[in-house]
Structure formats: structure tokens, C-alpha cells
Amino acid sequence: MKRRVVAATVAGLLIAAGAAGVYGLKNTDGGAGQRAKPPIAVGMAKVATEDLPIELSATGNVTAIEKVEVKPQVSGVVAKVHVKEGQQVTPGQLLFTLDTAAEAAQLKKAQAQLLSDQAQLKNAERDLARSRDLLVKNFVSQSVVDANQSKMDALSATVAADRAQVDAARVALDYKTLRASIGGRIGVIGVYPGTLVQPGMATAMLTITRTHPITATFTLPERNLGAVRNAQAAGTLLVRATLPDSGDSVDGKLVFIDSAVDSANGTLTLKAEFANQDGKLWPGQFVNVALDAGRYQQATTIPVAALLTGPEGKFSYTVQADGGVKRVPVELLAIHKEKAIVKGLSAGDTVVSNGGLNLRPGDKVRAAKAGQASGGQ
């Protein structure tokens with residue numbers, strides 16, 4: 001009886017172990033099936049080489065070539081304003097007249113003193129001439145001639161000083177009339193007749209801004225310096241400024257490259273000049289600038305959508321022979337009409353052009369049908 005019980009127990013254990021083994025095998029097979037992911041549908045594109053224009057884009061700030069703040073050099077009360085806000089003025093045009101009563105009186109006084117001393121000088125010259133004639137005839141002594149000579153010399157110096165006083169009075173009077181030193185457009189006028197103005201005042205009486213020609217200042221990465229300088233050596237570089245709001249564009253030329261790269265951010269400052277006769281560009285305005293810097297010969301290009309950015313910089317996913325993707329670091333040189341010109345890829349490589357945001361290195365992919373790519377850009 002005991003032998004039967006032991007045999008039954010051993011048989012039960014063997015059956016239970018076999019069942020557990022079969023269950024474990026089935027469970028293991030099921031886990032393997034869950035880990036095997038189907039290929040992800042993505043957009044794909046071939047890396048190409050082609051000749052493309054070097055069009056460097058940036059955001060520029062429109063700046064005036066000349067801008068003058070008009071302030072007085074002497075104290076005075078504004079007597080008359082001769083211009084209006086927004087008016088175009090020419091160099092030398094009258095802007096303001098200050099009260100000139102005191103300066104005009106001083107000028108008249110200096111002129112009267114000059115006339116008086118000039119009359120005395122003429123009389124002294126006649127006395128000197130007569131005394132010289134009498135000296136020849138021995139009617140007077142040499143001392144009389146010398147005295148008349150001294151008197152005439154003193155009056156000549158006095159007349160010269162009077163002329164200087166007249167000139168000084170005229171200068172003081174001229175300071176009471178303010179004229180435009182450059183041609184341009186008048187901004188806000190900050191004074192009116194009756195306003196007391198004086199040297200060193202914080203705000204300008206008005207500002208004159210030259211609006212044509214005009215410049216746009218912009219920056220480019222230092223990696224573009226070589227291309228810009230090479231193209232500049234070959235001739236004038238064309239620059240196009242586009243207004244973001246209206247889309248209107250204005251053509252100009254590159255006129256300035258800064259003498260040094262800003263080491264803090266690795267950028268180079270440039271300026272372009274535009275005729276701006278129609279006044280489309282306005283000082284202080286932001287515009288989109290495109291600089292034509294020659295052509296790329298056999299440039300490596302990929303769709304812009306194939307260019308991704310990660311913690312370590314820009315990269316693209318290339319599709320390997322087995323369908324897996326590989327992360328390849330790339331250097332962006334320029335963007336031209338939805339094509340990214342890059343370094344780091346070879347012509348003929350296949351890159352993921354759509355759906356790369358959700359990929360990881362080693363993921364299997366397949367070419368998607370139109371509109372099927374998952375994880376779009």
C-alpha cells in the first residue's frame with residue numbers, strides 16, 4: 001500500500017513539472033513575440049549632390065546712415081519754428097530762430113565802435129603824413145613823427161580788436177539761428193515758440209534722420225566668413241531685404257564686413273546699403289536679409305525635414321541595409337528652398353525625411369506610402 005502511494009506521488013510531481021515546463025515555454029514564446037516590433041513607416045529620401053547658390057539668410061535691423069540731434073549752443077527763447085514734423089529738409093535749411101534782441105544790439109554796438117575807431121585811425125594816418133612832410137622841411141622834429149606813428153599803430157590795433165568784436169557778435173547772433181546740418185526727415189519737434197532752451201538740455205529740439213540711402217545691419221555665423229570674402233573678391237555682393245509684413249523686397253549691396261568675429265557668440269556683423277528712394281525701409285525696422293555669396297559646387301543636400309536637433313547638435317537618421325536606422329551627426333552649412341546643405345553625409349545615402357522624431361538608433365523602418373509616416377516632423 002505504501003509503494004502505491006509513493007508511486008502516485010512521484011507520477012503527480014512529474015506531470016506537474018511537465019505542465020509547468022510547457023506553460024513556461026509558451027510564456028517565453030509569447031514574450032519574444034511582444035518584443036519583435038514591426039518596421040516603422042517613415043518618409044525616406046536620398047542624399048544628393050548638386051550646384052546651388054550660396055544664399056545666406058539672417059534677420060537685419062534697418063539703420064540710418066546719418067542721424068543728427070539738434071540742440072542749442074547758447075541759451076535763448078524760441079522765437080519761431082520754421083519746419084514741421086515729418087518734413088524733408090536739405091542741408092543748411094533754417095529750422096529754428098531764437099530771440100536775437102540782445103545779440104543784435106551787441107552787434108550794432110560793436111559795429112558803431114568799429115566805425116568810430118576807424119575814423120580816428122584815418123585822422124591819425126593824415127597827421128602822420130603831414131608830420132613826415134614837415135620833417136623833410138625841418139619844421140618839426142623826429143619825435144613828433146614818432147609820436148604820430150605810435151598813435152596810428154595803436155589805433156590800427158584798436159580797429160583790429162573792434163573787427164574781432166564785430167565777428168564775435170555775428171557768431172553769437174548766428175547761434176540764435178539753427179539750421180539743418182544734413183538732409184533728411186524731421187522727427188518729433190520737442191519745442192515751441194516761447195520755450196526756453198539752453199546748452200546741455202537732455203532732449204533734442206528735433207532729430208533729422210537720413211532715410212535714403214539707408215543700411216541694414218545683420219549678423220552671420222563665422223563659418224560663412226570664407227564664402228562671403230571669396231565672393232566679395234569676385235565682385236559686388238547683392239543683398240535682398242524683405243519686409244516680413246508685406247513681403248515687399250528691396251535690392252541693395254554689401255558695403256561693410258566687421259574687422260573681427262564676435263568671440264562671445266561666434267558671429268560676424270555686416271551691413272548692406274539700399275537706395276530706398278521709395279522709402280520702403282524705415283530706420284529701426286526688422287527685415288529678412290538674403291545675401292548672395294556665390295555658388296556651392298556639388299553640395300551635399302538633404303530635405304530640411306531630415307535635419308534633426310538633439311542635445312549634441314544636429315543629426316540625421318540614415319537607413320542601413322538591414323532596415324535599421326543610424327544616427328549620423330551633420331554640420332548645417334546653409335538652407336536653400338527646403339534643401340539643407342550639410343557636411344557628414346555621402347551622396348546616395350538614404351535618410352529619414354519624415355517621422356524621425358520618434359525613432360531611436362537601431363529601430364527598423366520601411367518606406368511609407370504618401371501620408372502614412374508615423375511620428376511626423
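Mentor: Before we start, buried means under 20% relative accessible area, exposed over 50%, and partly exposed in between (1.4 Å probe, protein chains only). This is a predicted model, where local features need pLDDT of at least 70, side-chain atom pairs count only at pLDDT 80 or more, and totals for chains, interfaces and linings use all residues. Residues are numbered from 1 along each chain as its sequence is written, and side-chain values use heavy atoms, leaving out hydrogens and water.

Trainee: Is A321 buried or exposed?

Mentor: Look in the loop between strand 17 (313–319) and strand 18 (325–329); strands are DSSP runs of E, at least two residues, and helices are runs of H or I, at least four, numbered from the N terminus. A321 has 91% relative accessibility, so it counts as exposed.

Trainee: How far apart are the end C-alpha atoms of helix 2?

Mentor: The expected span is 1.5 Å times one less than the number of residues. For the 36 residues of helix 2 (residues 101–136) that should give 52 Å, which agrees with the model's 53 Å.

Trainee: Which helix do the buried residues of helix 2 pack against?

Mentor: Those buried residues include L107, L114, L121 and L128. Contact means heavy atoms within 4.5 Å. The partner is helix 3 (142–174).
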